[in-house]
Amino acid sequence: MKIVMLGAPGAGKGTQALNIAKEFGIPHISTGDIFRANIKNQTELGMKAKSYMDKGALVPDDITIGMLLDRIAEKDCENGFVLDGFPRTIPQAESLKAALTLQNTAIDHAVDIEVPDEVITTRMGGRRSCPKCGGTYHVVFNAPKKEGICDNCGSELTQRADDKPETVLERLKTYHEQTQPLIDFYNKEGVLDTVDGTQKPDEVLKCILGALK
Ligand code: AP5
Ligand code: MG
């Protein structure tokens with residue numbers, strides 16, 4: 001199963017991608033997580049990406065597309081994958097389509113998690129993330145069992161640098177300008193599933209699994 005997650009920043013892509021990956025036994029690939037790991041390790045790629053991420057802008061396609069296509073060429077992606085945060089531009093979607101077409105395959109589902117901007121801005125301040133395994137929590141809506149500690153791997157949870165209110169507004173603007181057109185792209189491909197992301201996380205998951213099965 002090859003799945004793409006769509007939705008604004010904070011819509012719940014990461015939260016649900018992790019659930020889907022577990023359900024289907026496929027890797028969860030988040031371009032944001034890959035960039036953050038590179039920033040943490042101070043790689044050249046990380047330093048380049050950081051300058052865009054800090055502003056709430058997209059990392060340029062020439063960096064992002066190659067990185068993602070290399071990742072999905074790895075062996076663990078043979079039976080599929082769930083992409084979280086890619087594609088984010090029409091050229092990214094076209095490149096992904098072209099690469100998959102070469103292998104006689106295609107995206108099976110594009111899951112769009114719909115959440116209005118007002119809900120997103122209130123969510124982001126409470127997000128906590130695991131820098132080690134990518135687990136995502138919220139201090140009120142999705143609290144870890146032990147405060148500040150990842151349920152999955154026991155690491156200390158952190159707050160993301162780009163979750164400052166002014167950066168969140170920029171990320172939303174970027175989303176509406178550059179990423180929202182992908183909803184129409186995948187609708188035309190005939191693989192779009194839309195779910196209401198304002199429900200509780202387990203309700204959102206139920207709707208997604210219903211659409212995927
Ligand atoms: P990325 O890491 O992908 O960030 P994003 O798209 O802005 O999305 P988020 O991770 O903020 O939100 P999410 O939808 O995953 O929500 P989450 O599950 O965490 O990208 C970061 C940056 O990297 C970009 O700005 C860009 O610069 C760069 N980048 C990445 N990919 C790129 C690409 N392809 N091209 C170019 N640049 C790229 O949930 C959010 C919060 O809400 C959490 O606290 C969660 O617990 C809570 N929550 C989740 N579901 C619910 C619910 N149903 N009800 C209540 N709370 C909920
Ligand atoms: Mg995410």
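User: By class, how many nonpolar, polar and charged residues does the lining of the second largest pocket have?

Analyst: This is a predicted model, where local features need pLDDT of at least 70, side-chain atom pairs count only at pLDDT 80 or more, and totals for chains, interfaces and linings use all residues; side-chain values use heavy atoms, without hydrogens and water. Residues are numbered from 1 along each chain as written, with chains lettered from A and ligands numbered from 1 in written order. A pocket is an open set of 1 Å grid points where a 1.4 Å probe fits, with protein on both sides within 12 Å along at least five of seven lines, and lining residues have an atom within 4 Å of a point. Here the lining has 3 nonpolar, 7 polar (Gly counts as polar) and 3 charged residues.

User: Which element gives the most to that lining?

Analyst: The second largest pocket has 13 lining residues, with Leu 18, Asn 19, Thr 136, Tyr 137 and Asn 142 nearest its centre. Helix H1 (13–24), strand E6 (136–138) and helix H9 (201–212) each give two or more. With 5 residues, the top contributor is H1.

User: Which helix supplies the largest share of the shell around ligand 1?

Analyst: The shell has 37 residues (a heavy atom within 4 Å), and Thr 15, Ala 57, Arg 88, Arg 127 and Arg 171 are the closest. With 4 residues, the largest share comes from H2.

User: How much of ligand 1 does the protein bury?

Analyst: A polar side-chain atom of Thr 15 lies 2.5 Å from a ligand oxygen. Alone, ligand 1 exposes 1,000 Å² (Shrake-Rupley, 1.4 Å probe), and the protein buries 97%.

How values were computed:
Polar contact = N/O pair within 3.5 Å; in protein donor to acceptor, adjacent residues only side chain to side chain.
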